[in-house]
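Work through the exercises below with the structure open beside you. Each one states a task and is followed by a solution in steps.

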Amino acid sequence: MIVIGGEALVDLVPDPSTADGELGPLHPRLGGGPYNVAIALGRLGIPSGFFARLSTDQFGDKLFERLRLSNVDVELVERGPEPTTLAVVGLAENGSARYSFHTEGTAARFVAARPLPERTTTVCLGTLGMVLEPGASVYEEVLFREAARGRFIALDPNIRADLIADPDAYRARFASWLPSVGLLKVSDDDAGWLAGGQDVLAAAREWRQQGPAAVVLTRGADGLTAVTGEGEVTVPSVRAEVVDTIGAGDTVQAALLAWLHRNDALSADAVRALDRAQWERALRFAAAAAAVTVSRPGAEPPWAAELS
């Protein structure tokens, strides 16, 4: 089983029919980076479990129900009376999203430490789960502990800069995770922020040398690039009519893990052994999955049958 740890929240997404300059209705969409990864993996038929704390409010009920309907194991989901985290979304004309978060005192912050099931082979972490305390320290402990046990670690920092009070401290913390990470997935924008303006490809090469078997860069309309020990592999994005980009990167992460799972490659050694042709297949699968997600509102990852 792949265990995904991190926040679940509700995106409040503006109605696309609202005229420019007007405040229109906000539609609640279930999301959160790690939550989206779990949903996508479950829909792709990969054994997956979600490790998080959900509210007992109405939003929390819906988040929990959607996990079960998407075939995600909920054994590691705890419930609490704190409210659900909210993200107010602003959409640009090209469908790209920006977020303002309401996180104070919300359930996502208060996940409790616990052992993972013995059937866990892979742990996937990221986004606000690695930022919001005290939960961030819980997930960090899981990252180091499970890596030491030989489990494969996937990380998507998915930077939300407005919530990072001390960027330099976060960058140092990020660097401390890299020796334990098997697969690092990061967007161009996030890589630029993490690297402090350094060329993102050069930064990805440096990060790979610090631990990850591979670094995958998501580059929007410019496609996907895998930085490996043998060099770089790039595939184009799959053309789609973009409604919004919410959950696109999360879908890429899930699709990559699904492809590695199906090809018995969920280990650092197996990822290092992938050749160029295999990376092209993995990246093209991830690009196809992301194209489905961006073609519909909110984070609605594809089911396996949609990619057959």
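**Exercise 1: charges over rings**

The charged end of arginine 79 sits over the ring of phenylalanine 64, 5.3 Å from the ring centre. The model is predicted, with local features needing pLDDT of at least 70 and side-chain atom pairs counting only at pLDDT 80 or more, while totals for chains, interfaces and linings use all residues. Residues are numbered from 1 along each chain as its sequence is written, and side-chain values use heavy atoms, with hydrogens and water left out.

Task: Over the face of which residue does arginine 171 lie?

Solution. Begin with the criterion, by which a charge sits over a ring if NZ of Lys or CZ of Arg is within 6 Å of the ring centre and within 35 degrees of the ring normal. Then look at arginine 171, which lies over the face of tryptophan 193, at 4.3 Å from the ring centre.

**Exercise 2: an aromatic cluster**

Task: Describe the aromatic pairs that phenylalanine 174 forms with tryptophan 177 and with tryptophan 207.

Solution. Step one is the rule: rings of Phe, Tyr and Trp (its six-membered ring) pair if their centres lie within 6.5 Å, and planes under 30 degrees apart count as stacked, over 60 as edge-to-face and the rest as tilted. The structure holds seven such aromatic pairs.

Step two takes phenylalanine 174 with tryptophan 177, an edge-to-face pair at 6.5 Å centre to centre with 85 degrees between the planes. These two residues are three apart in helix H4 (residues 167–177), so about one helical turn separates them; helices here are DSSP runs (H or I, at least four residues) and strands likewise (E, at least two), numbered from the N terminus.

Step three takes phenylalanine 174 with tryptophan 207, which are also edge-to-face, at 5.3 Å centre to centre and 85 degrees between the planes. This pair links distant parts of the chain, since tryptophan 207 belongs to helix H6 (residues 200–209), 33 residues from phenylalanine 174 in helix H4.

Step four widens the view: Tyr170, Phe174, Trp177, Trp193 and Trp207 form one aromatic cluster.

**Exercise 3: buried or exposed?**

Task: Decide whether phenylalanine 174 counts as buried or exposed, and do likewise for tryptophan 177.

Solution. Buried means under 20% relative accessible area, exposed over 50%, and partly exposed in between (1.4 Å probe, protein chains only). Phenylalanine 174 has 3% relative accessibility and therefore counts as buried. Tryptophan 177, with a relative accessible area of 0%, is buried, and tryptophan 207 is buried as well.
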